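Here is a short briefing for a first look at this protein.

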Amino acid sequence: MASESSPLLAYRLLGEEGTALPLNGAGAPGGASARKLSTFLGVVVPTVLSMFSIVVFLRIGFVVGHAGLLQALAMLLVAYFILALTVLSVCAIATNGAVQGGGAYFMISRTLGPEVGGSIGLMFYLANVCGCAVSLLGLVESVLDVFGADATGPSGLRVLPQGYGWNLLYGSLLLGLVGGVCTLGAGLYARASFLTFLLVSGSLASVLISFVAVGPRDIPLTPRPGPNGSSLPPRFGHFTGFNSSTLKDNLGAGYAEDYTTGAMMNFASVFAVLFNGCTGIMAGANMSGELKDPSRAIPLGTIVAVAYTFFVYVLLFFLSSFTCDRTLLQEDYGFFRAISLWPPLVLIGIYATALSASMSSLIGASRILHALARDDLFGVILAPAKVVSRGGNPWAAVLYSWGLVQLVLLAGKLNTLAAVVTVFYLVAYAAVDLSCLSLEWASAPNFRPTFSLFSWHTCLLGVASCLLMMFLISPGAAGGSLLLMGLLAALLTARGGPSSWGYVSQALLFHQVRKYLLRLDVRKDHVKFWRPQLLLLVGNPRGALPLLRLANQLKKGGLYVLGHVTLGDLDSLPSDPVQPQYGAWLSLVDRAQVKAFVDLTLSPSVRQGAQHLLRISGLESGTLLPWGFRSS
């Protein structure tokens, strides 16, 4: 009865039998108690930390030094324009109804169907797993740059042994710390993220103050080997303080060789590095199952986080261009520590951002995996990830993800994998834009988001921008990701998925068919363009397959309708006996492989039933074929 009294409310809120679906992300009996995170702790904090990552401390000089201030600002505007388009789509879908656990996966799968949603959800999960490993390895490298036995910097302490085995050990220990926090639940993760947010904010504040408070100084650079292994004389970068000449020198681009890789930089390579650090806009949406009010928290928190990070990036770009010469920017990407009033605080910020990014990726991956397992798209492979604690925490999915991250850590260096991770993220962003675009184009009555600052133009531009960025960052990874998505979608199509979610493709087809039917005008019919219109009355479908196929050949591109008359009077029957038969007749059409519509009617006589069918099928001037008909 609930679905009869409130059919629109029942959409995505009620099960097939009218029973309430669990709203907590884990699907556990914990109910609303599992939804306890506020907008700030559940969305703003993780999104800000993910969008900053380690880039805000170690790649500001890289971007400004090679691209110059003007091109760096242009890159930032383009990157955030692309992200803003996706944020608008996320806000629209999130404010359209109940958002369960799984974040982007839930939004995509409930719109585009289980095949596309499941394939992109699995790719998004793998992106988070690899992203966690990349963050941990970046943290290990940052620690070893200062404390490693082979540290080459001028201020290295050289106390930690280095090597593949040691690096793997350090990464595994850090992963154990991250996994322990995530296993204990979203509440502890939120508190740890808030503490990390305070550390990062304090570190950034010290950097901003240092730009103003520190006087001009010469900063020693990492020595480079000369020809034949000889050592070159010491080199210095210059922190000039606020200086108009420094700003003028840093306005234009000056692409040079990257001292860490030896590769020559260009616009695309620098833009890829900048964009890689800004792809954390889904960190809050991934926590949808733990948010008190996800329909409000996701749009509000994501917009606030994007605006805040954009302001900080712009401010750091300007301050770096005003105070640091190009040599310092290009030769020492970690120059924040050298100009800081208290250098250890910058180190704390670097380590905190890397640790928070790994936590955000791991807990986001576990929530996506649990949603995939709960939907049973991949069968027994993901079945263990369904296990949850009493409070609704999917600890089994966390352990599952922890094991995969540990396997990825075995790869050691993941510089090439970083581009693949970014491409996978962009595939998910493009799918969110495509979902919103499909709902907008289909004019679905149930798509009435309270967030209205979007249109199909922004959605379409978002899809195109994400696809363009994919191929700009890594054409090989982009092509491979699309191929993988196609293979996964084919696998899910062959396996079969839940049909109760609905397919937006059907809504799009209905919208287009209705539009073109309205354009048909019977007053413009002409004999030159006549097509046959057949109504075949079938009494016994079991023996009518040859007849169905013959009529299908006779229609020749015309309209073909299968009709059946059930004898009876609706007034004397407890229910309509015709409606339950439609499924069997549609299965007959599929088995016979004919292009036909099905019309069924209830009538006291066959003659009256045939007249009814002629009228309801719109074939008054068509041809009636009563072959093989016996009434039932």
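Buried residues account for 51% of the protein's 632 residues. The model is predicted. It holds 23 helices and six strands.

**Whole protein**
- The accessible surface of the protein is about 28700 Å².
- Carbon and sulfur atoms own 65% of that surface.
- Take the contacts between residues at least 6 apart in sequence: 80% of them join residues at least 24 apart.

**A buried serine**
- Ser320 sits in helix α12, which covers residues 294-323.
- Its relative accessible area is 0%. Buried means under 20%, so Ser320 counts as buried.
- Beyond its neighbours within four places in sequence, Ser320 has contacts with Ile60, Phe211, Asn250, Leu329, Phe335 and Phe336.

**A nonpolar surface patch**
- Six names mark this patch: Leu195, Leu199, Ile209, Leu341, Trp342 and Ile348.
- Helix α9, residues 186-213, gives the most to the nonpolar patch, with three residues.

**An exposed leucine**
- Is Leu195 buried or exposed? Its relative accessible area is 51%. The cut-off for exposed is over 50%, so Leu195 is exposed.

**To recap**

Definitions and conventions. Residues are numbered from 1 along each chain as its sequence is written. This is a predicted model: local features need pLDDT of at least 70, side-chain atom pairs count only at pLDDT 80 or more; totals for chains, interfaces and linings use all residues. Side-chain values use heavy atoms; hydrogens and water are left out. Helices (H or I, at least four residues) and strands (E, at least two) are DSSP runs, numbered from the N terminus. Buried means under 20% relative accessible area, exposed over 50%, partly exposed in between (1.4 Å probe, protein chains only). Contact means heavy atoms within 4.5 Å. Patches are made of residues with over 30% relative accessible area and no salt bridge: like charges are joined within 9 Å, nonpolar side chains (Val, Leu, Ile, Met, Phe, Trp, Tyr) within 5 Å. Accessible areas come from the Shrake-Rupley method with a 1.4 Å probe; for residues, only the protein chains shown count as cover. A salt bridge is a side-chain nitrogen of Lys or Arg within 4 Å of a carboxyl oxygen of Asp or Glu.
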